[in-house]
Amino acid sequence: MFELARRTFHSRLLVGSAQYPSLEVMRDAIAASGTEVVTVSLRRQTAGGGSGNAFWRALNQDRLAVLPNTAGCHSAEEAIVTAQMARELFDTHWIKLEVIGDDSTLQPDPFGLLEAARELLGQGFEVFPYCTDDLVLCDRLLGAGCRILMPWGAPIGSGLGIDNAARLAELRRRYPDITLIVDAGIGAPSHAARAMELGCDAVLLNSAIARAGDPVAMASAFKSAVEAGRRGFEAGLMPTSREARPSTPDIGKPFWHA
Ligand SMILES: CC(=O)[C@@H](O)[C@H](O)COP(=O)(O)O
């Protein structure tokens with residue numbers, strides 16, 4: 001069981017709803033992933049508009065929690081207005097807060113993010129901030145009242161995986177009680193397993209499933225990887241060392257004499 005913003009879920013995999021080759025593939029991939037939380041961009045997918053009705057039917061909202069996001073926003077003001085509209089349209093106070101600061105890396109703007117987070121927390125939102133792994137920024141976001149951190153593993157859509165394992169581990173060590181979700185940059189199931197082995201509570205990804213050769217099969221692979229990574233973390237990974245240590249220390253001695 002996994003507690004997220006005072007709600008209980010079984011799956012630790014959160015999935016995006018963009019870039020799928022078709023709505024049918026999106027629906028089947030989301031089902032195969034086992035996810036219970038799907039993030040939706042207000043700016044790309046307004047409820048009831050354009051392909052909206054078919055989109056919402058495909059999403060199966062009875063089973064899924066919708067996490068609206070402010071993808072595409074480049075300032076605190078823009079993100080705040082987008083979040084307010086999302087609250088009206090989707091009837092949820094959850095918001096995945098994205099304020100992009102650099103267009104080539106899609107790196108979040110830490111200053112705009114913090115400003116928007118403060119304002120939205122004051123307005124009663126549950127803020128899921130898409131951030132870098134910068135310790136000072138994360139500390140400020142928590143100080144502002146965030147209870148969830150969503151640091152990237154690598155730039156959005158890059159598929160590079162966990163480029164910052166030491167810093168994610170440090171965030172986990174410093175803040176054992178906050179909800180830590182790796183958001184962005186995951187390219188392969190092994191990357192998701194790695195994030196979970198580091199002690200992250202969950203993983204959010206989109207491109208690696210939507211842009212896979214077979215998104216439905218890939219979604220199922222990610223489901224298994226997240227579960228395996230979590231089980232590995234809970235089992236307690238062995239300490240690592242640069243020095244070899246024989247796995248059979250006393251070769252030649254029968255084990256009952258060891
Ligand atoms: C869908 C969404 O919210 C993305 O902005 C998110 O950050 C996932 O990134 P990837 O596409 O790299 O998985």
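**From a glycine to its surroundings**

Leaving aside its neighbours within four places in sequence, Gly-185 is in contact with Trp-152, Gly-153, Ala-154, Pro-155, Ile-156, Ser-158, Leu-160, Gly-161 and Asp-163, where contact means that the C-beta atoms of two residues, placed from the backbone, lie within 7 Å. This is a predicted model, in which local features need pLDDT of at least 70 and side-chain atom pairs count only at pLDDT 80 or more, while totals for chains, interfaces and linings use all residues. Residues are numbered from 1 along each chain as its sequence is written.

Gly-185 sits in the loop between β11 (179-183) and α7 (189-197); helices (H or I, at least four residues) and strands (E, at least two) are DSSP runs, numbered from the N terminus. Because 25 C-beta neighbours lie inside 10 Å, Gly-185 counts as buried, a label given when 20 or more other C-beta atoms lie within 10 Å of a residue's own, with exposed used for 12 or fewer and partly exposed for the range in between, the C-beta atoms being placed from the backbone.

The unreviewed UniProt entry annotates a "binding site" that covers Gly-157, Ala-184, Gly-185, Asn-206 and Ser-207. These residues span 51 residues in sequence, yet no two of their C-alpha atoms are more than 9.0 Å apart, so they gather at one spot. Such positions are given in the numbering used here, with feature names shortened, and annotations may be inferred rather than shown by experiment. Gly-157 belongs to the loop between β10 (148-151) and α6 (165-174), and it counts as partly exposed because it has 17 C-beta neighbours inside 10 Å.

Turning to the ligand, 17 residues surround it, the closest being Gly-16, Ala-184, Leu-205, Asn-206 and Ser-207; a residue is near a molecule if its C-beta atom, placed from the backbone, lies within 6 Å of it. At least two residues of this shell come from β12 (202-205), and at least two from α8 (207-210). By class, the shell has nine nonpolar, seven polar and one charged residues, where Ala, Val, Leu, Ile, Met, Phe, Trp, Tyr, Cys and Pro count as nonpolar, Asp, Glu, Lys and Arg as charged, and the others, Gly among them, as polar.

For the "active site", the unreviewed UniProt entry lists Lys-96, which lies in strand β6 (residues 94-97). Lys-96 counts as buried because it has 27 C-beta neighbours inside 10 Å. Leaving aside neighbours within four places in sequence, Lys-96 is in contact with Thr-39, Leu-67, Pro-68, Asn-69, Phe-128 and Tyr-130.
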